[in-house]
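Welcome! Please take a moment to look over the sequence and the model below before reading on.

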Amino acid sequence: MKNVKIVGTGSYLPNNIISNNDLASLVDTSDEWISSRTGIKNRRITTGEGTTDLAVNAAKKAIVSSNINPMDIDLIIVATISPDNFTPSTSCEVQKEIEADNAMCFDINAACSGFIYSLNTAYAYIKTGFAKNALVIGVEVLSRLTDWEDRSSCVLFGDGAGAVVISESEEIGIENFHCKSLGKLSENLKCGGTDLKNPYVSKITDKYIKMNGQEVFKFACSYVPKGIKAVIEESQYEIEDIDYFILHQANERIMDSIAKRLKISKDKFYKNIASYGNTSSASIPIALDEMFDKGILKQGHKIVIAGFGGGLTYGVSLITI
Ligand code: UT7
């Protein structure tokens, strides 16, 4: 079977930068609390661009960086929990804008694990011969799902998009995945949808993100290290073989705690949470694109990427660049 390699990356963030001090004028919070509990300093919040707009901009950069003709993309998967519409899917909207007319398109909802789950799906399509070139995007406009009066959540989230193009390849690339879901813990991170309202019933749904932060924190610190160990062992590598760990940017303390549990230097964990906050499914592809742009990631590097969050879900992948 062919290998599957990342051949291009892109990202896009709205221009509007909101600092912790800006939020302190909206809710009862402080830069000190937000920075020390999460590592977040700023986040980007859209002033009009929607989920599709962010996704299209990230996709265009990934297409340029991979040098692919959009007509050669045969699969587009968008990971998001904050689409502009229930239908059409964000992926179909992206397809229209980038003129990738030969692609099959669908969205995946796996919250902050969405990018890993989508990458896993696209990988499986290519491995089994159902696709050759896939565009995988993680995009969120979480500001539309945020309760701007709830200080425990509105300080955490940001808007943004990241994308990768993956292709069939002779070279080694994406090597392994370890993805699991724990639906029994779903109550810890929820966001309702539309009201159930018809001539026979009227049931109002909570439309904003509600999180039991401490439970999700514990879940991440317990399951993600196990997933990382599993994916490395299954691939027959040692933990020391991994050059960088790129985790979902939910909380700097989660990354530090996972580093400690795995007995790895914190320096091997890439962090950009200070600039963008928690962008859910977008955080990992944004980090990947930044690392390529800064020249941190080089051919031959081995990386582990890991997402975790609503569902509850988590997913880990081991990749050779
Ligand atoms: O992306 C999906 C995955 N998500 C995660 O992985 C998030 C995991 N959880 C976390 O990162 C952390 O639990 C949070 C950052 C969400 C919260 O940090 P924490 O250290 O668990 O704080 P807490 O919720 O226990 O709150 C501590 C105190 C409370 O006050 P009392 O009850 O001790 O008086 C809160 O009311 O901090 C208070 N508080 C705040 N104070 C100032 C909560 N939010 C704020 C705030 N500013 N924004």
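The model is predicted: local features need pLDDT of at least 70, side-chain atom pairs count only at pLDDT 80 or more, and totals for chains, interfaces and linings use all residues. Residues are numbered from 1 along each chain as its sequence is written, and side-chain values use heavy atoms, with hydrogens and water left out.

**Two helix pairs**

Two packed helices are described by the angle between their axes and the distance between the axes. Here helices (H or I, at least four residues) and strands (E, at least two) are DSSP runs, numbered from the N terminus. Axes are lines fitted to C-alpha atoms, for helices over the stretch in contact, and angles run from 0 to 180 degrees between N-to-C directions.

Let's begin with helix α7 (residues 213-234) and helix α8 (residues 252-262), whose axes come within 9 Å and cross at roughly 45°. The two are therefore oblique to each other; angles under 35 degrees count as roughly parallel, over 145 as roughly antiparallel, 65 to 115 as roughly perpendicular and the rest as oblique. Their contact (heavy atoms within 4.5 Å) involves residues including F217 and I228 of α7 and I254 and L262 of α8.

Next come helix α3 (residues 51-66) and α4, packed at an angle of about 55° with their axes 9 Å apart. This pair is therefore oblique as well. Among the residues that meet are A55 and I63 in α3, and V94 and I98 in α4.

**The ligand site**

How many residues surround the ligand? There are 24, and the closest are T29, Q214, H248, N251 and N278; a residue counts if one of its heavy atoms lies within 4 Å of the ligand. The table shows some polar contacts, meaning pairs of N or O atoms within 3.5 Å.

| Residue atom | Ligand atom | Distance |
|---|---|---|
| R151, polar backbone atom | nitrogen | 2.9 Å |
| R253, polar side-chain atom | oxygen | 3.1 Å |
| N278, polar side-chain atom | oxygen | 2.6 Å |

Most residues other than glycine have a negative phi, and most peptide bonds are trans. A cis peptide bond, with omega about 0°, joins T87 and P88, and P88 sits in the loop between β4 (75-79) and α4 (90-98). The bond from G311 to L312 is also cis, with omega near -10°; L312 belongs to the loop between β14 (302-309) and β15 (313-320). Finally, A111 has a positive phi, near 50°, and is found in the loop between β5 (104-108) and α5 (114-127).

Key: Polar contact = N/O pair within 3.5 Å; in protein donor to acceptor, adjacent residues only side chain to side chain.
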